Amino acid sequence: MGLLSRKATCNTHGQDSSYFLGWQEYKKNPYNEVNNPNGIIQMGLAENQLCLDLLEPWLMKNPDALGLKRDGISIFKELALFQDYNGFPAFKRALVDFMGEIRGNKVSFDPNHVVLTAGATSANETLMFCLADQGDAFLLPTPYYPGFDRDLRWRTGVEIVPIHCTSSNGFKVTLPAIEQAHRQAQKRKLRVKGVLITNPSNPLGTTMARDELDLLINFIEDKQIHLISDEIYAGTVFTSPSFVSVMEVLKDRNLDQTQVWERVHIVYSLSKDLGLPGFRVGAIYSNDPVVVSAAIKMSSFGLVSSQTQYLLSAMLFDKKFTKEYMSENHKRLQKQQKDLVSGLEKAGIRCLDSNAGLFCWVDMRHLLKSNTFEAEMELWQKIVYHVKINISPGSSCHCIEPGWFRVCFANMLESTLKLAIQRLKSFVSSIAMKSQSHQELKSLRRKARNNWVSRLSLQSFYDREQDTTTEVSFSYRPHFMSLSNIAATLDAAA
């Protein structure tokens with residue numbers, strides 16, 4: 001081991017988190033309707049597979065994009081050769097136009113402020129390298145995406161300090177919670193360099209209200225620190241309230257000519273909104289030219305391929321297609337989410353009200369044996385190994401309340417979702433039956449003890465009467481069990 005670096009041998013990647021362990025168990029026994037109907041159903045993966053049937057026909061209708069041609073003429077050589085780190089100008093224009101569209105064109109983006117990265121994971125890590133040094137800290141509202149422990153910390157050495165949010169207000173960010181996290185960082189002698197949020201939230205599936213964004217902007221302005229808004233789920237908002245980007249709030253407050261304008265950065269990706277995680281397309285948007293310049297240099301470690309940029313620029317420039325796609329995507333997400341929520345409600349399980357994302361934040365606190373994270377892990381293990389469903393425990397998202405779980409719904413067919421709900425219903429019913437049997441047993445034991453006490457009292461009365469009145473004759477003498485027989489009976493009942 002001495003021949004390897006500390007980075008290679010350390011245990012800070014987060015791979016031992018239950019979030020990743022659940023994936024590993026799924027891979028060992030994946031559900032398949034035909035080949036493995038009793039396998040584990042994957043509900044721990046936030047992947048949008050609901051509209052892939054819309055993407056493939058577009059590719060068939062646009063053979064030039066798929067065949068790497070322009071006006072019917074091959075441009076394979078052009079795309080195969082080395083490309084500039086800045087990315088294709090046409091693709092960056094198409095991307096920022098799309099980003100504006102899914103935000104209702106209430107805000108526009110400059111393609112010169114975009115840095116392309118190999119997915120949002122690379123974008124978030126690159127921003128950490130640009131904004132913080134090893135040992136510095138970022139504040140993150142909880143619960144947060146479990147992968148951030150890897151993405152933000154592992155290679156950068158940046159520390160995460162949680163902003164603890166609770167169910168009492170729907171896990172909304174409050175000023176006291178932010179200030180408490182900042183004080184905690186100071187106690188640990190950490191230099192706070194910024195706050196990172198996901199909006200819409202992963203794992204809550206909710207959009208941030210404007211007053212929350214105002215609060216965050218005021219805080220970073222007061223502390224002279226950065227704000228990163230991870231908005232990779234911006235296009236998944238399927239019902240009100242509508243999505244509000246932090247850039248929209250900045251412009252509405254006329255902060256585009258102030259220093260805070262350069263300290264707010266956006267992370268975006270096509271993985272969730274278009275359902276293309278395998279294409280590895282992410283982006284950093286920053287108004288700070290120094291951050292943009294540094295991030296472009298770092299992007300050489302994770303570029304988006306020329307072929308991918310060419311294909312997707314053609315797709316995103318097709319405004320008719322993107323408009324129809326997003327509209328249908330919202331409808332399908334809303335239906336799938338509604339089916340999950342209503343199905344769980346029938347099983348006695350409620351979800352946090354949500355309007356976005358590919359998952360629900362599910363409350364299973366009433367199924368815990370005790371209000372502890374140990375009980376949460378015990379419940380999670382039963383759901384994975386016995387119910388055969390992989391979901392993500394709240395503790396993996398750093399939630400401070402045991403019993404919450406992230407349950408994904410957009411990575412499966414409707415029939416698979418129905419099966420998963422049925423499995424959970426059966427599981428909850430079995431718990432209820434065991435609880436009822438336990439209560440009946442307790443009642444039986446109480447009755448047995450009461451009967452025992454009553455008989456002992458009657459025996460005592462009879463004995464006293466025998467001692468004091470020899471002339472009295474009883475025509476009835478009750479039958480009494482010996483103490484040993486009573487104990488044996490109680491043990492058998494238990």
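**Talking through the model**

Mentor: Let us begin with Leu68, which is buried, having a relative accessible area of 16%, where buried means under 20% relative accessible area, exposed over 50% and partly exposed in between, using a 1.4 Å probe and protein chains only. This is a predicted model, in which local features need pLDDT of at least 70 and side-chain atom pairs count only at pLDDT 80 or more, while totals for chains, interfaces and linings use all residues. Residues are numbered from 1 along each chain as its sequence is written, and side-chain values use heavy atoms, with hydrogens and water left out.

Trainee: OK, and where does Leu68 sit, and what is phi there?

Mentor: Leu68 is in the loop between α4 (63-66) and β2 (69-70), and its phi is near 55°, a positive value in a residue other than glycine. Helices (H or I, at least four residues) and strands (E, at least two) are DSSP runs, numbered from the N terminus.

Trainee: What about Asn105, buried or exposed?

Mentor: Asn105 is exposed, with a relative accessible area of 59%, and it also has a positive phi of about 55° although it is not a glycine. You will find Asn105 in the loop between α6 and β4 (114-117).

Trainee: Changing topic, how many helices and strands does the chain have?

Mentor: The chain has 17 helices and 15 strands, and buried residues make up 49% of its 494 residues.

Trainee: Which residues touch the most other members in the largest nonpolar core?

Mentor: A nonpolar core is a set of buried Ala, Val, Leu, Ile, Met, Phe, Trp, Tyr and Cys residues joined through side-chain atoms within 4.5 Å. In the largest one, which has 79 residues, Leu95, Val195, Leu227, Met247, Leu270 and Met315 touch the most other members. Helix α6 (residues 89-101) gives the most to this core, with six residues. There is also a second, separate core of 67 residues, which includes Tyr31, Ile40, Ala123 and Leu131.

Trainee: Which residues is Met315 in contact with, leaving aside neighbours within four places in sequence?

Mentor: With those neighbours left aside, Met315 is in contact (heavy atoms within 4.5 Å) with Leu55, Trp58, Leu59, Leu274, Phe321 and Thr322.

Trainee: And how do helices α13 and α14 cross?

Mentor: The axes of α13 (residues 306-317) and α14 (residues 319-346) come within 5 Å and cross at roughly 80°. Here axes are lines fitted to C-alpha atoms, for helices over the stretch in contact, and angles run from 0 to 180 degrees between N-to-C directions. That angle makes α13 roughly perpendicular to α14, since angles of 65 to 115 degrees count as roughly perpendicular, those under 35 as roughly parallel, those over 145 as roughly antiparallel and the rest as oblique. Met315, Leu316 and Phe317 of α13 make the contact with Lys319, Phe321 and Thr322 of α14.

Trainee: What about α7 and α12, at what angle do they cross?

Mentor: The axes of α7 (residues 119-131) and α12 (residues 289-298) come within 10 Å and cross at roughly 125°, which makes α7 oblique to α12. On the α7 side the contact is made by Thr126, Leu127, Phe129, Cys130 and Leu131, and on the α12 side by Val291, Ala294, Ala295 and Met298.

Trainee: Last one, where is the cis peptide bond that involves Pro200?

Mentor: That cis bond joins Asn199 and Pro200, with omega about 0°, and Pro200 lies in the loop between β7 (192-198) and α10 (210-223).
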